[in-house]
Amino acid sequence: MNKKIKAGMRNIQTTETTLTTKEEGIKPVFSNLILYVLLAIIIAVYAFIRFRMKDVPLERDEGSYAYIGQLLLDGKIPYVDFYEMKLPALYYLYALIVKLTGASASGLHIGMMLICLLTSVLVYYTTKNLFRHEAAIVGALAYSAFSLSFYFFGFTAQAEHLVNFQIILAYFFLSRAYLDDKWYWWLLAGLVFSNAVFTKQAGATFALGYLLIMAMAVKKNHDNDYLKNAMQPILYSAIGSMIVVGFWVGLMYAYGVLDEMIFWVMDFPKGYTQLFTWDTRKEIFYDNLSTIFSNYPLLWIMGFVGLIFGIIKSQTRLAAVFAVSLIISAIISVMPGYYFYPHYWLFFSIPIAFVASFGMSMLLDLIKNGKTTVLTIGITIMSVIIIFASDLAKNKKYYFSNKVDKISKNAYGINPFVECKEIAEYLAKKSKKGDELVVMGSEPQINFYTGMRSPTRHFFMGFLTKGRIEEAEWTAEAKKDIETKKPRFFVHVTHPFSWAYVDGVKTDLFDWSIAHARENYDLVGIADLKSTGTIYAWDDQVNNYPPANPGDMRIFVFERKKQ
């Protein structure tokens with residue numbers, strides 16, 4: 001072959017290589033830079049929005065967990081000095097947040113803001129490991145938007161945010177095992193996922209997703225010996241889980257409260273979950289489910305179209321099943337007791353993020369299978385802009401205009417959460433270190449705000465109004481604690497939501513409360529909740545304030561009579 005022919009062949013090969021390189025797309029360093037810039041913008045915008053909402057008054061669940069965190073920092077023992085229907089990890093995580101960010105609504109919300117933003121970043125890296133890396137940015141955006149949903153109280157410091165963080169952290173460790181099959185990723189995943197369950201029991205519903213990522217990893221890394229090689233991840237995950245279970249059970253055993261923990265976590269909820277039936281609550285379920293799909297149509301359409309193609313293709317079928325399993329898990333997570341409280345639905349932050357990311361991944365594969373090109377990056381950028389702009393436009397008043405008290409009132413209606421913050425500010429000015437405060441109602445956020453401890457472990461009256469046989473003993477104990485310790489301040493909440501009596505249940509605690517207060521305390525404050533707005537009366541103003549009528553919703557603030 002002469003030199004001219006050889007030179008010509010080299011030119012043809014060079015041209016083919018150049019064309020192939022251009023077709024396959026841009027260098028990873030540039031595509032990654034673009035995606036990281038998009039991620040940074042998303043995180044920065046939602047951080048700004050959440051920071052603006054940091055002073056939204058706490059609602060009663062937030063207040064309860066935050067106050068429990070304070071009690072733990074005081075050295076109090078779970079299930080004896082205080083109680084709730086949750087496993088112990090929840091209490092210690094809130095104690096950690098309170099310790100790091102301070103005893104205020106803003107501190108608690110800033111702490112949870114950081115957790116939510118970190119979760120969005122974890123969603124990005126997890127979906128990047130499991131699906132196409134361009135599609136990961138859609139998952140991060142979907143999580144950031146949904147986890148801040150007004151309809152499901154995303155602005156709060158609810159426990160669901162903590163559980164979501166740990167579940168996705170566990171999934172992230174699994175996704176790393178998917179890439180390199182190192183034993184320590186399985187161990188870490190087992191540790192974190194088990195702790196998510198010890199934070200709130202509903203986290204266990206996402207175990208199916210855990211197992212499916214495990215199956216994806218085993219299939220990818222050990223396609224020939226599928227069942228044989230599944231034993232290693234199962235073993236190390238189990239070891240991680242047993243470490244966490246052993247730690248929490250051992251700690252409660254060391255405190256001598258193992259039986260009490262079992263009662264509050266397993267026995268008490270049986271009665272709690274029997275208050276409603278499916279027939280009486282199914283409309284709420286369907287309304288919330290409809291809200292989830294109707295308010296994020298672009299994400300769900302993208303996800304469901306991608307799922308169809310994912311199930312059709314044998315190579316992606318298992319990943320598609322994983323994404324579908326997250327929807328099923330989220331539905332199961334909100335079912336216990338048929339309460340369907342809005343914040344329970346924050347668990348849907350997980351499926352919407354992964355389903356949208358998977359859907360985007362499949363759509364990009366249809367365009368350029370496995371290749372990152374200028375076209376796929378361009379489509380990703382346009383998709384993010386459309387989804388991002390749609391979310392910001394739809395929620396512009398909520399995100400950027402509404403004041404924090406209006407956000408609370410719009411979300412919670414006649415609940416007295418704004419009023420509780422006002423009362424706490426008044427009491428904080430009057431109190432001194434060592435003063436105690438009893439709140440007769442279910443508003444422990446007042447204790448949290450003021451830093452004053454309750455004289456009784458029964459600081460959430462909603463636990464004493466459900467008709468359980470133990471309630472007579474608990475009510476007598478609460479009365480004795482209050483009569484014996486004589487707290488300086490006494491707040492009586494005349495509000496049906498704060499007492500939450502079950503139909504047919506009657507106790508004398510409500511009547512005893514107001515009678516005891518009038519006999520032993522001076523009235524120093526009134527918050528009168530009216531449809532036109534709340535009227536406050538402080539100190540001498542209460543003397544001329546009109547008496548309450550039946551049905552009025554008021555909060556009475558008392559100070560111990562001087563001896």
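The model is predicted.

**The sheet**

Five strands make an open, mixed sheet, in the order S1-S2-S5-S3-S4. On average, neighbouring strands are turned by 15° against each other, direction ignored. Strands S3 (residues 521-530) and S5 (residues 553-560) run antiparallel and are joined by eight bridges. One of the residues involved is Asp 522, whose bridge partner in S5 is Glu 559. Helix H24 (residues 509-520) lies across S1, S2, S3 and S5, at about 140° to S2.

**Salt bridges**

The structure holds 20 salt bridges. Three of them are listed here.

| Pair | N to O distance |
|---|---|
| Glu 559 and Lys 430 | 3.4 Å |
| Arg 457 and Glu 477 | 2.9 Å |
| Arg 554 and Asp 552 | 3.9 Å |

Take Glu 559 and Lys 430, which form a salt bridge. Glu 559 sits in strand S5 and Lys 430 in helix H20 (residues 417-430), so the pair ties together parts 129 residues apart in sequence. Glu 559 counts as buried because its relative accessibility is 11%, under the 20% limit. Lys 430 is partly exposed, at 26%.

Arg 554 is buried at 5% relative accessibility. Its partner Asp 552 is partly exposed, at 23%.

**A buried threonine**

Thr 291 lies in helix H13 (residues 278-294). Thr 291 counts as buried, with 17% relative accessibility. Leaving aside residues up to four places away in sequence, Thr 291 touches Tyr 151 and Phe 152.

Key:
Residues numbered from 1 in each chain as written. Predicted model: local features only at pLDDT ≥ 70, side-chain atom pairs only at ≥ 80, totals over all residues. Heavy atoms only, no water. Helix = DSSP H or I, 4+ residues; strand = E, 2+ residues; numbered from the N terminus. Buried < 20%, exposed > 50% of the residue type's maximum accessible area, 1.4 Å probe, protein only. Contact = heavy atoms within 4.5 Å. Pairing = 2+ DSSP bridges. Axes fitted to C-alpha atoms, helices over the stretch in contact; angles between N-to-C directions. Salt bridge = Lys/Arg side-chain N within 4 Å of Asp/Glu carboxyl O.
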